Amino acid sequence: MKDGILRVWDINREKIIQSAATDSQICSLVWLPKTSELMTGQGLPGNQMKIWKYPTLVNSSELHGKYLSHEGRVLHIALSPDHSRLFSVAADGIACLWKCHESGES
């Protein structure tokens, strides 16, 4: 899909429940069960990762490293089994390990 729209489907009814414009290619997606959010790994123009509150699909934040962020499409995102870390890898050949904040932590 090249339209940059994040969609949540009811697969039983074959209908879209909610959608949001991401203004970018969506290259990867992961569910964050502790916070009931979706994370997208995106391509052009920003090559960033965004967090979307579920079910409203409001963009709540973007992930940027203190010293480093991806310069290529974010091709894959994985969540550690204990949900404390995220791993991302991009087309620029850079892999990042991110610490997840607990709810209410800044």
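## An aromatic pair

Tyr54 is partly exposed, at 35% relative accessibility. This comes from a predicted model. Trp31 is partly exposed too, with a relative accessible area of 37%.

The count of aromatic pairs comes to one. Its members are Trp31 and Tyr54, with ring centres 5.6 Å apart. Their planes stand at 85°, which is over 60, so the pair is edge-to-face. The pair links distant parts of the chain. Trp31 belongs to strand 3, while Tyr54 sits in the loop between strand 5 and strand 6.

Four strands form an open sheet in the order 3-4-5-6, and the pairing is antiparallel. Strand 3 (26–32) and strand 6 (58–63) are the edges. Each has a single partner strand, so one side of each lacks a neighbour in the sheet. On average, neighbouring strands are turned by 25° against each other, direction ignored.

Strand 4 spans residues 37–42 and strand 5 residues 49–53. Five bridges join them in the antiparallel sense. Gly41 stands opposite Met49 of strand 5.

## The loop at Asn47

Asn47 lies in the loop between strand 4 and strand 5. Its relative accessible area is 9%, under the 20% limit, so Asn47 counts as buried.

Which residues is Asn47 in contact with, leaving aside its neighbours within four places in sequence? They are Gln42, His70, Glu71, Gly72, Arg73 and Val74. For Glu71, the backbone oxygen lies 3.0 Å from a polar atom of the Asn47 side chain.

Note on methods: Residues are numbered from 1 along each chain as its sequence is written. This is a predicted model: local features need pLDDT of at least 70, side-chain atom pairs count only at pLDDT 80 or more; totals for chains, interfaces and linings use all residues. Side-chain values use heavy atoms; hydrogens and water are left out. Two strands pair if DSSP finds at least two bridges between them. Helices (H or I, at least four residues) and strands (E, at least two) are DSSP runs, numbered from the N terminus. Axes are lines fitted to C-alpha atoms, for helices over the stretch in contact, and angles run from 0 to 180 degrees between N-to-C directions. Buried means under 20% relative accessible area, exposed over 50%, partly exposed in between (1.4 Å probe, protein chains only). A polar contact is a pair of N or O atoms within 3.5 Å; within protein, one must be able to donate a hydrogen and the other to accept it, and residues adjacent in sequence count only if both atoms are side-chain atoms. Contact means heavy atoms within 4.5 Å. Rings of Phe, Tyr and Trp (its six-membered ring) pair if their centres lie within 6.5 Å; planes under 30 degrees apart count as stacked, over 60 as edge-to-face and the rest as tilted.
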